[in-house]
Structure formats: C-alpha cells, structure tokens
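Subject: Handover of a structure

Dear colleague,

I am passing on to you the structure shown below, together with some notes on what was found in it. Please read the notes with the structure open beside them.

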Amino acid sequence: MSKRKHDDDDSSTRRVDRGFESSHSTKEASTSRHKKGKVVPQMRRASRRTQSGSNMAYGHCLEPDWLPHVEAIIDVVFDGNCGYRCVASGLALADVDGWRIVRRRMYDEIIGYEDFWREVLGSSFETVKNAVHCPEKQEGASFKEWLTLPDMGLLVSTAFNVILVNLSHGSASTFLPLRSTPPSSLHNRLIIAMANERNIHWVRCSCV
C-alpha cells in the first residue's frame, strides 16, 4: 500500500492547507449573496442556472426531521460540478476554481492510497477514480463525472478530514474519515451538509 504523511492537526479542518493549492479562499457569506452564489432562506433557492432568477422551494429535497435544523441553503452553479462546488463552499474555497481543487484533492487521495481505496470501494474503484479525475482545462462535467453518494462520501470525508452529511430525502447518511479522526473539539470540527434535488443537482445546507 502506498504511504503518505497525513496531517492530523485538529486545526487542519478549519483552514485550507497548502495541499489545496492557492485559491484565494473566501469566507462563507452571512448576507443574502456570496459572490456568484446565493445564500437563500430555508425553503427557497436561486435559479440554478443563473443564480439570480425567481426563487423556488427546496424543502422537498431534505429529510423532514432535518428542516428545523437548516438555517440556510446555499445554491451553486448547475454545471455538472455542483456536488464538488458544495464541498468547496463548505471548505471556504474560491467560487471560481474551488470545485477543481476538490476534484484534484480527491483524485490525489484515491491514487495516493490506491490499495486502500480498492479494498474500500471494491468494484466501484475505477468508476470513482475516473469520475474525480480533472483534466487541466476541463470546465463542466459529464454525467459520469458527477459527485455521487454514497460512492464518494468516504473519499470526500477522508481527503479533507471532515464529516460529510447527506440530508437528501430518502437517503440521509453520514460519512466519517477512514484514515484519521475528526478533531475532538467541536470548535475545530468541520461538518459539510448537502442535499440532492431529484438526483440532478446538489445544494449545500447550513445547519444550526
């Protein structure tokens, strides 16, 4: 099995380390807009393609029991990379290329620990590896390159040492890092929550 030194420092989940590349990180918006994305109230969202069109309900995407705990839904660009964009948003990576950094980090993880992930993913290994591979000039993503759960859940949580939560109605689940332990301090622990709309679009959920 290939080996790589892993940074287990508790603060690692609260910052973008050098391994994430220079991305001009931005803080999560506390107002109604976040650069090109939009922070919308619990039951509403921006137009998925323009980010500025008429609002539509999103509540049906979430497990009902979670609705009281979701204070905002952050929509992202609908270009096939929406799942990676949600992870990037949760990591406070730049809007423009954050999704690219996420895919590359996931690819580095699955290649750097190939034997480990072959055992974890089994027959899905090649599919996941090919999906997260990101050519230099790639912009959008085909159906085969979309972020899918549960297949990629453990890869995301392990690559970034975060807790990933899927709040989608009918498929709610939680993913923990496999090669490290999330910080014991709640202050330093990073949780990224997402929900899927009709299996075609991901949004990030900000929970209380």
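Axes are lines fitted to C-alpha atoms, for helices over the stretch in contact, and the angles run from 0 to 180 degrees between N-to-C directions. Helices (H or I, at least four residues) and strands (E, at least two) are DSSP runs, numbered from the N terminus.

Please keep in mind that this is a predicted model, in which local features need a pLDDT of at least 70 and side-chain atom pairs count only at pLDDT 80 or more, while totals for chains, interfaces and linings use all residues. Residues are numbered from 1 along each chain as its sequence is written, and side-chain values use heavy atoms, with hydrogens and water left out.

Confidence

The pLDDT, which is the predictor's confidence in each residue on a scale from 0 to 100, averages 76 for the protein, and 72% of the residues score at least 70. Confidence is lowest in strand β1 (residues 33-34), with a mean of 38, and highest in helix α3 (residues 114-121), where it is 98. Over residues 1-56 the pLDDT is below 50, although this stretch has 131 contacts in the model beyond near neighbours in sequence, a contact meaning heavy atoms within 4.5 Å. Where pLDDT is low, the predicted coordinates should not be read in detail.

Helix α1 (residues 82-90) is mostly covered, since nine of its nine residues are buried; here buried means under 20% relative accessible area, exposed over 50%, and partly exposed in between, with a 1.4 Å probe and protein chains only. What covers the buried residues of α1 includes β3 (70-75), α2 (98-112), α4 (125-132), α5 (153-160), β6 (191-197) and β7 (201-207). Cys86 has its place in this helix, α1, and counts as buried because its relative accessibility is 0%. Leaving aside residues up to four places away in sequence, Cys86 touches Val76, Ile192, Met194, Trp202, Val203 and Arg204. Cys86 and Asp75 are eleven residues apart in sequence, and their C-alpha atoms are 8.0 Å apart in space. After α1 comes Ala92, whose phi is positive, near 60°.

Helix α2 and its neighbours

Helix α2 has 15 residues and reaches 21 Å from its first C-alpha to its last, close to the 21 Å expected at 1.5 Å a residue, where the expected span is 1.5 Å times one less than the number of residues. Twelve of the 15 residues of α2 are buried, so that this helix is mostly covered, and among them are Trp99, Ile101, Met106 and Glu109. The buried residues of α2 pack against α1, α3, α4 and α5.

The axes of α2 and α3 come within 5 Å and cross at roughly 95°, which makes α2 roughly perpendicular to α3. This contact is made by Glu109, Ile110, Ile111 and Gly112 of α2 and by Glu114, Trp117 and Leu121 of α3. Helices α3 and α4, in turn, pack at an angle of about 120° with their axes 9 Å apart, and they are therefore oblique to each other. Here Glu114, Trp117, Arg118 and Leu121 in α3 meet Phe125, Glu126 and Val128 in α4.

Salt bridges

Side chains of opposite charge can pair when their charged atoms come close. The structure holds eight salt bridges, each being a side-chain nitrogen of Lys or Arg within 4 Å of a carboxyl oxygen of Asp or Glu.

In one of them, Arg179 pairs with Glu109, and the closest N and O atoms are 2.7 Å apart. Arg179 lies in the loop between β5 (173-175) and β6 while Glu109 is in helix α2, so the pair ties together parts that are 70 residues apart in sequence. Arg179 counts as partly exposed at 23% relative accessibility, whereas Glu109 is buried, with a relative accessible area of 4%.

Another salt bridge joins Arg118 to Glu126, with the closest N and O atoms 3.0 Å apart. Arg118 is partly exposed at 35% relative accessibility, and Glu126 is partly exposed with a relative accessible area of 33%. Glu114, Arg118, Glu126 and Lys129 are linked in a network of salt bridges.

With kind regards

Terms used:
Angles under 35 degrees count as roughly parallel, over 145 as roughly antiparallel, 65 to 115 as roughly perpendicular and the rest as oblique.
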